[in-house]
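Subject: Structure for your review, with notes

Dear colleague,

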Amino acid sequence: MTLVAVTACPTGIAHTYMAAEQLERTGRKLGIKIKVETQGAMGIENELSAADVRDAAAVVLAVGIPVLKRERFDGKKIYEISPQEAIKSPEALFVRIKDELGL
Amino acid sequence: MAFEFEFAFPLPLGLHARPAGVIQEKAESFAGDVVWENLRNGLAADAKSVLSLVATDTRFRDPCRVRIAGPEGAEAGRELRGLILETLPRLESAAEEAAPAAASDIPRILLAEKAVFFRGVPAGPGIARGAAFIHDPGPGEAEDRSGPVRSPEVETAAFRAAANDLAAGILGRREQSRERTERAVLAAHLAILRDRAFTAKVEEIIASGTRGAAAAALLAGRHFSEMLSASPSPYLQERMADVRDISRRLAARIAGPAAPASEPEIVLSEPVILAAEDLSPSQFILMDKTLLRGLILEKAGVTSHTLILCRTRGIPAMAGCPGILTRLRPGEAVLLDGGRGLAVPAPSAAVARYYEREAAAEEKRAGLRRARAVLPGRTADGRRVEIAANIGDPQDLAGALAEGAEGVGLFRTELLLLGRRSAPDEEEQTALYTRLATESGGKPVIVRTFDIGGDKPLPFLPLPAESNPFLGFRGIRLYERFADLILVQMRALLRAAASGPLKIMVPMVATAEELVAARGLLEKARAGLAAAGIPHRPDVEFGMMVEVPSAALIVDRLADYADFFSVGSNDLLQYTFAADRGNPAVRGLNRPLHPAFLRLLRSVVDGAHERGRWVGLCGEIAAESRLLPVLVGLGFDELSMTPSAVPDIKARLRTLDGEACRELVRGVLTSGLVREVEEALDGFSAAGPSKDGLIVPALVNLRSTSRTKFEALQELAALLEGADRAADRAEVEAALWRREDTFSTGIGFGMAIPHCLSPAVRAASVGVLRFENPVAWDSADGRPVELALMLAIPAIEKSKGDAPAEQHAAPAEQGSLKYLARLSRRLVHDEFRDGLKAAADAAEVVRLVSAALAD
């Protein structure tokens, strides 16, 4: 299973990157491939391509502000949480996704 | 022949008693009547009466007309116009300009503790604590203190004697006073006491035969204060207090010592916060202030003379808080936060503790400011750049030195000439320059000889009207025609230089011939002094301003006649681009970062250095922090600026690498577009703060005694300030709180990462606190916080249309943002957090964080 994610927070200097790191390392730990785009003070980095989104089983939005280019995810299954949640209990999120998608 | 002129009133605080006193004094020297008319409200005044002038309620930018009758009409008119438009704006004292800032954010702890507090207008910064002392002036003024009414002749004589007596007392006090503001206030009181309209009113009441002298003085005082109070202007309401103050003292004087005192004397027996409806300036001046910790005036506005006196003494104060008198209980403890305009009665232990820490941080800040003021201007790699101040009044010298100026790079002498009928003579000038030389404490003072011209007309220098004064007869170009005036100035400068390190600089030089002629004048002045046996310093350094491109291109040749150079960048810019800096349609052309201008500056610096001459810059761009790498890279030996910019520029200079600045300039000199230079400069600044600079031991406290989030954010802002990285501690604290407001930065795991983007942050920084006792932070997992790691980033304000300004990371901060993003990513790793929590000392924290940044 592969996932894509976007992280963003109000100031764009801390939670955006902490959440991204937490999602990536938890994915590695659980053997789930996840590509994370950050929308922080430095703008969009590691941007998700159309193919990335197309091939993903679901989209994780760990955001505290509106996401830029949200229309890319139209029609995809979206899990929207706060960046704090992504930092605090990332495993719970992955478990939930696995359960719901029956993987 | 009558003469009249119209103008917009130039003083932001309106026509109050002090400027009115200056105008009255000048008007008094003319034979004919002088009428002042405020065209906004139609009120007219006799300009020979201060009260009458003040009653016109003239405010900032009001259209006014002054009409002068009599033989001196035209000349007197020009003189008066110069006085109003040129001299008055410069006389407004520093204490007044230091208008209290807009009330900043209320410390969150007051809201959290549900503390009772009163808001007022900040009227004197600082934090004070004392017992509430409510000053109640008692029953209203007695109508008559002098017993039965005697004959008008006797009463008039009593009034005149008392007025003379009181005036003599005020004069004596003024002479003793060492404080400039106090002297000015006393002078204003004297002006009211001697005012023609006031005196006439008192004598008119006495002549009616119904009132004695004391009652007449009180009635006249009331008459004028009612007249003033009819105006909605808060400034006039303040002046009302001055009039009442004087009339009461006059009445008391007439009544004699046997009569009850007009105002009870204020006697303090413990440290107090004094609260009063209002306090007259005389009461303030006369009272013993040793136990006065703070002052709250319910009715006064910040321009009240009493509050101005208070500020110059450094006593915290607050004004304009109706109702506070009845709500403070005498004797209860009160905290006064003068900088924010807050008074907190009976503060809780937590609030008191917060403010104790605030006062300690403030004391530390003042100490660091003093310590930094004596640091020499130097880049991080040790290249010396002298940071000096531009001033025009010897009064400003002490303030400039206190800000850390290493000398005066430009003393403008033409201000001495404005508003005068004749040039100051040699003795007067010698005294003034000697004062500069002796009070500079051995630091160099560069005095620029008179820079006058068609745009600054003077009554004693008949100059033709010019269609284009900036390209006309000005600066050194006048020196041949007015050689006597310059000769006197040069003699005075040579004499004064005997007592301190003065240097002489001439303005507007375009050719070597002009410079040679000016040197000839200097030589003549020297020979004259030597022949007369007058003590002087013969070998004073003689330099020139570089303001004209023709001079900028031959600095190496001008060095034959000049010992040093200073670039006047304001004029050099507009002459280089042929764009009037006063004309909004074209002034945008004057871009200091344009490669053409940089090449011109390079030729000035190289030309001077080739000949072993020293070269500085004294225009407005010296104060622009953003341009500093370019000016340093060009190789200037000195930058001279407005005194208030000195601390920031010195702090930025300490972070720059001199060699990298040179490299930057070498790279952009061949550019063709200003945008290319700007991009290179932004790129340079972004690369500037190395990852090692983001955290230093001074930004780490592993034994924090902060007990609450309030104290922790306060301490982090203070750490940043202590490390020379915050321009405004309170603003950084408020910015950290604004971020906490969106959602708590407590990320769980016993950690919080407070952060902010703020223009008050000088350099991107990481700060770390480890708490002795874990602090509640509304964390995601509910656990208290053991460790707080702050990320602080400089920001710029961007406003889009009418939307409130948003703060964005400064473009130069992309590099630090990248490092901080890296650090944030590390924070979710347990071993990194555990390492920080267990660190033995600040050095280890710095090492761990730096390693994370380098990953």
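A residue counts here as buried if 20 or more other C-beta atoms lie within 10 Å of its own, the C-beta atoms being placed from the backbone. Please bear in mind throughout that this is a predicted model.

With that cut-off in hand, strand E16 of chain B, residues 502-506, is mostly covered, since five of its five residues are buried. In a regular strand the side chains alternate between the two faces of the sheet. In E16(B) both of these faces are covered, with B:Leu502, B:Ile504 and B:Val506 buried on one side, and B:Lys503 and B:Met505 buried on the other.

The strands on either side of E16(B) come next. Strand E15 (residues 445-448) of chain B runs parallel to E16(B) and is joined to it by four bridges, and within this pairing B:Val445 stands opposite B:Leu502. E16(B) also pairs in the parallel sense with strand E17 (residues 542-546) of chain B, over three bridges, and there B:Met505 stands opposite B:Gly543. Between E16(B) and E17(B) the chain passes through helix H18 (residues 512-532) of chain B, in a β-α-β crossover that is right-handed.

These strands belong to a barrel in chain B, which eight strands close in the order E13-E14-E15-E16-E17-E18-E19-E20, with parallel pairing. The twist from one strand to the next averages 30°. One of the pairings is between strand E13 (residues 386-391) and strand E14 (residues 408-412) of chain B, which are parallel and share three bridges; B:Ile391 stands opposite B:Phe411 in E14(B).

A second sheet in chain B is open, with four strands in the order E1-E4-E2-E3 and antiparallel pairing. Its edge strands are E1 (3-8) and E3 (44-46), each of which pairs on one side only, and the twist averages 20° from one strand to the next. Within this sheet, strand E2 (residues 34-38) and strand E4 (residues 63-68) of chain B run antiparallel and are joined by five bridges, with B:Glu37 standing opposite B:Arg65 in E4(B).

As for chain B as a whole, its secondary structure comes to 31 helices and 27 strands, and 48% of its 855 residues count as buried. Of the contacts in chain B with a separation of 6 or more, 71% are between residues 24 or more positions apart.

Helix H6 of chain B (residues 152-176) has 25 residues and at 1.5 Å a residue should span 36 Å, which agrees with the 36 Å between its end C-alpha atoms. The buried residues of H6(B) are B:Glu155, B:Ala158, B:Phe159, B:Ala162, B:Ala163, B:Leu166 and B:Ile170. An α-helix has 3.6 residues a turn, so residues three or four places apart point the same way.

B:Thr430 has its place in helix H16 (residues 426-439) of chain B, and it is buried because 23 other C-beta atoms lie within 10 Å. Leaving aside residues up to four places away in sequence, B:Thr430 touches B:Ala492, B:Arg495 and B:Ala496, while its C-alpha atom is separated by 9.5 Å from that of B:Met490, 60 residues apart along the chain.

The other two concern backbone angles. Most residues other than glycine have a negative phi. B:Ala346, however, has a positive phi, near 40°; it is found in the loop between strand E12 (342-345) and helix H14 (349-373) of chain B, and it is partly exposed, with 15 other C-beta atoms within 10 Å. B:Asp724 likewise has a positive phi, near 70°, and lies in the loop between helix H27 (709-722) and H28 of chain B, but B:Asp724 counts as buried because it has 20 C-beta neighbours inside 10 Å.

Lastly, the interface: 22 residues of chain B are in contact with 16 residues of chain A. On the side of chain B that touches chain A, H29(B) gives the most, with eight residues, and the residues of that side divide into 13 nonpolar, five polar and four charged.

With best regards

Technical notes: Residues numbered from 1 in each chain as written. Chains lettered and ligands numbered in written order. Predicted model: local features only at pLDDT ≥ 70, side-chain atom pairs only at ≥ 80, totals over all residues. Pairing = 2+ DSSP bridges. Helix = DSSP H or I, 4+ residues; strand = E, 2+ residues; numbered from the N terminus. Axes fitted to C-alpha atoms, helices over the stretch in contact; angles between N-to-C directions. Contact = placed C-beta atoms within 7 Å. Nonpolar A, V, L, I, M, F, W, Y, C, P; charged D, E, K, R; others polar. Expected span 1.5 Å × (residues − 1). Buried ≥ 20, exposed ≤ 12 C-beta atoms within 10 Å, placed from the backbone. Right-handed = clockwise from strand over helix to strand, strands pointing away.
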